[in-house]
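Hello,

Here is the structure I promised to pass on. Please open it first, then read the notes below.

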Amino acid sequence: MNKVKKVAAIHDLSGCGRVSLNAVIPILSSMGIQTYPLPTAILSSHTQYEEFSFLDLTDQMPLFMEHWKKLGVEFDGIYSGYLGSPRQIAIVEEFIQTFRNPNQLVVVDPVLGDNGHLYKALDNNMVVEMRELVKSADVITPNLTEMCLLLDKPYKNFLSVEELKEDLLRLSEQGPEHIIVTSIQDKDDLKKTFVVAYSKKTNRFWKVWTNYLPAHYPGTGDTFTSIITGALLQGDSLPIALDRAVQFIQMGMRATFGYEYDSREGILLERVLKSLDAPVQINSYELL
Ligand code: PXL
């Protein structure tokens, strides 16, 4: 048994901006979990800057896997995020098959797009492959755009509760135990967004509200899913994990929003990281 839980984190490392491994490692460490980074690429910054250097590490990934296999490493969690090519998705699938064990949490954040659009570096082949990868996961955390891409349905800003429930169920039929969909706007109150989730074992739907701030901070998706991963590995229930992740993002955004600041750097993570040690402040989750 691992003295400290171990998570293989399959993400890129971007120097500038708090995204991917730059968010995953500090968050999981703060939650008492060890990270084994499997870097997919090294960039000078994330791709929302106009220019950046980029070193692809696809060929290194099987070598990391071989070495860890030889060492006999056992992972309590496997967590993948932004992937750059169908080949990288295939490597992640192989990684999961190789290191899978029954008491493990496999989290796939199917990073594909936002606001109804695919990210500019990705194409439809990635969507097709991602639909396969999510079948191997226990937890998936698409935003609304990614949920529509995974289900091959046209993007809509607003969905009724019935439609959302149906979509969550369809995703869960593909395999994952927990489905979490983020970045959903409330048609009746544009100052609010919410997160919904479905848990197969309990057959329950959950919803957590968050106040909308007119700012975009790259990396909040990675921060959100890192906290979900850490919380579930600490033994939290799904709705408590949702509460912790939503509250942390809100706190991080509020700590950042008051400053004149280059938002491309992401939320001021270091200012709020210690709050991950504190118990959940307010239970705001609702049954849907
Ligand atoms: O998930 C955010 C992210 C991760 N990695 C890279 C990115 C971004 C967002 O822009 O560019 C390289």
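**Salt bridges**

Arg100 and Asp138 join their side chains in a salt bridge, with N to O at 3.0 Å. This pair ties together distant parts of the chain, 38 residues apart. Arg100 sits in the loop between helix H3 (86-99) and strand E5 (105-108). Asp138 sits in the loop between helix H4 (124-133) and strand E8 (139-140). Asp138 counts as buried because its relative accessibility is 17%, under the 20% cut-off. Arg100 is partly exposed at 36%.

Bear in mind that the model is predicted.

The whole structure holds 11 salt bridges. Another one pairs Arg244 with Asp236, with the closest N and O atoms 2.6 Å apart. Here Arg244 is buried, at 14% relative accessibility, and Asp236 is partly exposed, at 22%. Arg264 and Asp262 also form a salt bridge, at 3.0 Å between the closest N and O atoms. A network of salt bridges links Lys153, Lys156, Glu163 and Asp167.

**The ligand**

The residues around the ligand include Asp12, Ser14, Leu43, His46, Tyr82 and Asp222. By class, the shell has 3 nonpolar, 5 polar and 2 charged residues. A polar side-chain atom of Asp12 is 2.7 Å from a ligand nitrogen. Alone, the ligand exposes 310 Å², and the protein buries 91% of that.

**The surface**

Leu13, Ile42 and Leu55 make a nonpolar surface patch of about 240 Å². Leu55 belongs to strand E3 (residues 54-56) and is partly exposed, at 48%.

Best wishes

Notes:
Residues numbered from 1 in each chain as written. Predicted model: local features only at pLDDT ≥ 70, side-chain atom pairs only at ≥ 80, totals over all residues. Heavy atoms only, no water. Near = heavy atom within 4 Å. Polar contact = N/O pair within 3.5 Å; in protein donor to acceptor, adjacent residues only side chain to side chain. Areas by Shrake-Rupley, 256 points an atom, 1.4 Å probe, with all protein chains shown as cover. Nonpolar A, V, L, I, M, F, W, Y, C, P; charged D, E, K, R; others polar. Patch = residues over 30% accessible without salt bridge, like charges linked within 9 Å, V, L, I, M, F, W, Y side chains within 5 Å. Salt bridge = Lys/Arg side-chain N within 4 Å of Asp/Glu carboxyl O. Helix = DSSP H or I, 4+ residues; strand = E, 2+ residues; numbered from the N terminus. Buried < 20%, exposed > 50% of the residue type's maximum accessible area, 1.4 Å probe, protein only.
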